[in-house]
Amino acid sequence: MSATPVLEVLIIGAGFGGIGMGIRLRQEGVDDFVILERGDDIGGVWRDNAYPGAACDVPSVLYSFSFAPNPNWSCVYPPQPEIHAYLHDCAEKFGLNSRVRTGAAVADAAWEELPGCWRVTLDDGTVYRSRLLLSAVGQLSQPVIPRLEGAADFKGLSFHSAAWPAGLSLAGKRVAVIGSGASAVQFVPAIAPQTARLTVFQRSANYLLPRHQRAYSKLEQWLHAHVPPYRALVRLKTYLSHEVLALGFGRLNGLFSAVAAKPFRALLKRQVPLAATRAALTPDYPVGCKRVLISSDYLKTFALPNVALTTAPIRRVLPDGIEIEDGAVHLADVLIYGTGFNATDFLSGLEIRGTGGQRLHDLWREGAAAHLGLSVPGFPNFFLLYGPNTNLGHNSILYMLESQFDHVLRCRRKLLRAGAVAMEVDASVYERSRRSTQQALRGKVWSQCHNWYTDARGHNPTNWPGFTLSYRRQVKYGSLNAYRLLHAVPGLEAATPDAFTATLSAVALDPPPGLRERLTASAQRMALRFLFRGYMGPPRDALAQRRMLARLSRHPHPARGVAASDVMLGGVPCEHLLPERMARLADSSPAGALLYLHGGGFCIGNPLSHRPLTSRLARATALPAWVPDYRLAPEYPFPAAIDDVVASYRALRRLYPAERIVVGGDSAGGALAMALALQLREDGEALPAALLLLSPVTDPTWQSESIKTRAAVDPMLHHAWLEQAVGWYNAPATAMLHRPLELDLRGLPPLMIQVGDQEMLRDDSIRLAAHAARCGVPCRLELYRERWHVFQLPPNAMRSSMQALDALARFTREAVGL
């Protein structure tokens, strides 16, 4: 492994998010961090957007950090040079310049679970490693240039407004501007007097409100600099006056539209004399559905004799101009794209890979999302600043950023206190957050027209649906119980000194916090100790043990939304579990299937005893599951069970290609799953896409240390029952299929192994993961702290069981390409 030093924090982007986070880290006493900036200077959008007239739409008192106030603003709405200079002043004042690396474009970032850090590679091959990775790229970093026929043949100068050439003179030029959004509203009035002819190609009109711009007096500047209470009062007043506007994007939009439209129409009537031009500049959607712009001089620009507005669609770009749909040609020497930014395709230029190599963009196939705009499951120690659904239509983004800074620091403190390697948001919390945010957005005005807030599917990954105050309450002060703490797996490093490669992913997980989880776990542990452990094993025979298991399982119903039926699979009785949403799709075949092999020491267990787990796994994966009722020992010793399993798999192969089948199993079922894969490899048959192994039996000689150290704490297993079960199964020493630790595992499919920290078979799973990694088999090991043998049963009793089930489902879907 490379000796690259591991930083505490790595930040991508040196705009307001990156600089502000750097300041807060310094204030927290953290100096071991680096800010990577792809440009040649800090500033982000305020470095790039240096076009004429560039300024902020938010009052200056809200556009500086509360922990780094700026008393030197010259006016209410600061121009771009002042904002850029403010960021430079912040970097200088807080000693960030030595921490910024300019010209550092990130190519990809990958989570390395061993040793637990992010590996970030730049375009030039430079590698950084960091414990925490923060994206401060923001939502407005990818300029959009429309694909227009003939654009490459234009002979004049063409550019996006975010790449305005320094020192450009447009005097006497014929200029075509495509787009009429926030940038164009600012630069069109600034350049119009210089041009010989200026034509604006507008796709849709915008609502505008007058910009009440004025310079600050010397007295106001002095008060801002020397009287903190005055500065705080002005900031609070301005903040509240903007915060109340959030009401206008929801239920009060009708009233807001009526109030906001009046000054717009008055401005339009006063500044644009021609009725046809006024009509073209009048929006046909509710106020707020698209960004409300601030300008007092954009509309009156169209009253100038050298300025024209066209709303006809563009047919193509010619070498010397633009042809519109009716065939008319507008000659141009300069073509400016004022077409804004791709705000919905987050981190489009970066390849981010989390646990197990999962791509962030694959997780976001249905639209970008994050818990509170900050965190995504499967990407430990990774936080987004100005991430999905944190944009605003009414207030300052800096208020949101400051809340996010505090959240990241709170998470870091929790990580340090717990002595954990990493933390990640729980998948179920993320999913609830995603659904609730989108549901809240459906009632907002942004859903009533086509805009840059939503993607082609109608998904809005951009805006926050409520008040900034409510966001701050959740982010800065809310519970951190949404996160799972991840620890190193004990003993793994010693077991695999040469296996720290991409083939091995291993983590120990804390149980979810909360009194309910602790009480439920205690009750489960007690029930297992007195009912299962107390009644399984000698001197009871197999029939007595099966009767007891039947009483414990009580013939459970399948999970809601899953239909169960009895079928034959390869001559073996089998339970077929079909998610109802798949049953409704009668014309489409399932994308894959799950073959699940129940546990029970080869001598007890059946599809009914495991139905709570298997039916929920079918529902979570949205795949049909088959659970063979294979023959049990001692009536049918080895190789009866493995013969049945092989027959079932071969029958399933007639329905699905091997790369669409995942085989899973718990305990003895896990042993059978491994034996199945080894048998198929030996026979030269196609292997399944992956194996799910829950507390698998891998060493029938019981040599692992945990067999002794965990004997007193394991509430389910005891040595006498293990010996009895394996004795009944009676696999001879020559049956190497059940001795995977002694075999070369090369060529096996990826493994997902889950095991409890309190169970006797713990070390067997760790040894198997280490051995698989040494053989080059991709392996994911999850060790659940304070949990026992096959704690996933029943899956709805504890949050930890559901988390484990969610992880199995994600692994399964990824394995079959969903």
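Me: What should I know about the numbering and the model before asking about single residues?
Reply: Residues are numbered from 1 along each chain as its sequence is written, and this is a predicted model in which local features need pLDDT of at least 70, side-chain atom pairs count only at pLDDT 80 or more, and totals for chains, interfaces and linings use all residues. Side-chain values use heavy atoms, with hydrogens and water left out.

Me: How many helices and strands does the chain have, and what makes a run count as one?
Reply: The chain has 24 helices and 29 strands. Both are DSSP runs numbered from the N terminus: a helix is H or I with at least four residues, and a strand is E with at least two. The C-alpha atoms fill a box of roughly 100 × 60 × 50 Å along the principal axes.

Me: Why is Asn 389 called buried?
Reply: Buried means under 20% relative accessible area, exposed means over 50%, and partly exposed lies in between (1.4 Å probe, protein chains only). Asn 389 has a relative accessible area of 6%, so this residue is buried. Asn 389 lies in the loop between strand S18 (382–384) and helix H11 (397–418). Of the 818 residues of the chain, 58% count as buried.

Me: What does the side chain of Asn 389 reach, and what makes that a polar contact?
Reply: The side chain reaches the backbone oxygen of Asn 460 at 2.8 Å and the backbone oxygen of Asn 463 at 3.1 Å. A polar contact is a pair of N or O atoms within 3.5 Å; within protein, one must be able to donate a hydrogen and the other to accept it, and residues adjacent in sequence count only if both atoms are side-chain atoms. Both distances, 2.8 Å and 3.1 Å, meet the cut-off of 3.5 Å.

Me: How do you know that Thr 462 is buried, and what does Thr 462 touch?
Reply: Thr 462 has a relative accessible area of 0%, so this residue counts as buried. Thr 462 sits in the loop between helix H12 (427–442) and helix H13 (468–476). Contact means heavy atoms within 4.5 Å. Not counting residues up to four places away in sequence, Thr 462 touches several residues, including Gln 139, Asn 389 and Trp 452.

Me: Why is the pair Arg 767 and Asp 699 called a salt bridge?
Reply: A salt bridge is a side-chain nitrogen of Lys or Arg within 4 Å of a carboxyl oxygen of Asp or Glu. At 32% relative accessibility Arg 767 is partly exposed, whereas Asp 699, at 5%, is buried.

Me: Which other residues meet the salt-bridge rule?
Reply: Arg 359 pairs with Asp 362 at 2.8 Å, and Glu 742 pairs with Arg 739 at 3.2 Å. Arg 710, Asp 757, Arg 762 and Asp 763 are linked in a network of salt bridges. The count by this rule is 38 salt bridges.

Me: Why are H15 and H16 called roughly antiparallel?
Reply: Angles under 35 degrees count as roughly parallel, over 145 as roughly antiparallel, 65 to 115 as roughly perpendicular and the rest as oblique. The angles run from 0 to 180 degrees between N-to-C directions, and axes are lines fitted to C-alpha atoms, for helices over the stretch in contact. The axes of H15 (residues 515–535) and H16 (residues 542–553) come within 9 Å and cross at roughly 155°, so the two helices are roughly antiparallel.

Me: What makes H11 and H13 roughly parallel?
Reply: Their axes come within 9 Å and cross at roughly 10°, so H11 and H13 are roughly parallel. Among the residues that meet are Tyr 399 and Arg 410 in H11 and Thr 468 and Leu 469 in H13.
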